[in-house]
Amino acid sequence: MRNFRKQYNGIRKEIVTEVAVFDPKDEQPNGDFSQHFFTDNAAWDTGSEATLISQEIVDAFGLKPVGKGGMFGIGGGQTGDLYRIHLGLPDKKIIKNIIAFNGGDDLDYDVLIGMDVISKMDFLITNKDNTVFSFRHPSEGGVEL
Amino acid sequence: MKGLMKTNPGEYRIAGEAAKFDWANKTARVPYCRIMPQYREAFNQGTYEKAEMPGHIYAKFQKTV
């Protein structure tokens with residue numbers, strides 16, 4: 001299967017793509033799902049250890065918390081609910097069993113993809129004239145610049 | 001564009017698992033910051049002095065020039 005590649009117009013200050021969020025409880029025996037939450041507003045953040053999802057996604061599925069966790073950002077810490085999700089990446093591959101923090105109503109993105117996902121793939125950004133973002137999953141290594 | 005949508009059979013396929021969540025640690029660094037909407041225009045114009053938001057999604061900016 002081809003690797004995912006997206007070329008933006010100009011140089012971007014953020015990497016934003018589409019993703020699909022799945023409720024693990026919806027998984028059928030053959031690996032299919034009946035529905036997903038699609039958004040074209042998912043940011044990739046190598047500075048985040050964890051993945052965040054918006055309150056809207058939590059509400060859309062009626063997700064139940066699987067735990068609580070402390071989340072420490074620039075301004076300090078706060079305890080929040082954790083949810084288990086599957087994440088469909090732009091290459092139409094699903095990464096299972098992500099424990100995602102609820103980013104609440106204030107998240108600028110519907111999904112913030114953290115290193116719990118990025119660390120499973122090869123991830124490349126180039127910026128000659130235009131920002132080009134590409135990744136492949138699973139990681140095959142061997143990329144040197 | 002966003003919202004709940006019907007998933008067509010075979011549209012997505014399962015490819016792997018996320019990195020194992022560290023339940024024992026119970027914390028994660030999420031150095032994500034945002035600009036409060038009411039400060040966005042001023043931020044873009046470079047005339048803001050401070051935009052601050054409490055909570056786990058937190059942004060604090062100070063004009064330096």
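How do the residues lining the second largest pocket divide into nonpolar, polar and charged? The lining comprises five nonpolar, three polar and four charged residues (Ala, Val, Leu, Ile, Met, Phe, Trp, Tyr, Cys and Pro count as nonpolar, Asp, Glu, Lys and Arg as charged, and the others, Gly among them, as polar). The model is predicted, so local features need pLDDT of at least 70 and side-chain atom pairs pLDDT 80 or more, while totals for chains, interfaces and linings use all residues. Residues are numbered from 1 along each chain as written, chains are lettered from A and ligands numbered from 1 in the order written, and side-chain values use heavy atoms, without hydrogens or water.

This pocket has a volume of about 180 Å³. Among its lining residues are E49(A), M115(A) and D116(A) from chain A, together with K20(B), F21(B) and D22(B) from chain B. Helix 2 (115–118) of chain A and strand 3 (27–29) of chain B each supply at least two lining residues. Helices (H or I, at least four residues) and strands (E, at least two) are DSSP runs, numbered from the N terminus.

Turning to the interface, 58 residues of chain A are in contact with 35 residues of chain B, contact meaning heavy atoms within 4.5 Å. The buried area is about 4300 Å², with carbon and sulfur atoms giving 58%; this is the accessible area (1.4 Å probe) that two parts lose on being put together, summed over both. Three salt bridges are counted between the chains, each a side-chain nitrogen of Lys or Arg within 4 Å of a carboxyl oxygen of Asp or Glu. In the salt bridge of D110(A) with K2(B), the closest N and O atoms are 3.0 Å apart. On the side of chain A that touches chain B, strand 7 of chain A provides the largest share, 11 residues. By class, that side of chain A has 24 nonpolar, 20 polar and 14 charged residues.

Strand 7 of chain A also holds N97(A), which has a positive phi of about 55° although it is not a glycine. P138(A) lies in the segment after strand 10 (132–136) of chain A. Most residues other than glycine have a negative phi, and most peptide bonds are trans.

Notes: On a 1 Å grid over the protein atoms alone, a cavity is a set of points where a 1.4 Å probe fits but cannot get out, and a pocket is an open set with protein on both sides within 12 Å along at least five of seven lines; lining residues have an atom within 4 Å of a point. Grid points are joined across faces, edges and corners, and a volume is the space filled by probe spheres set on the points.
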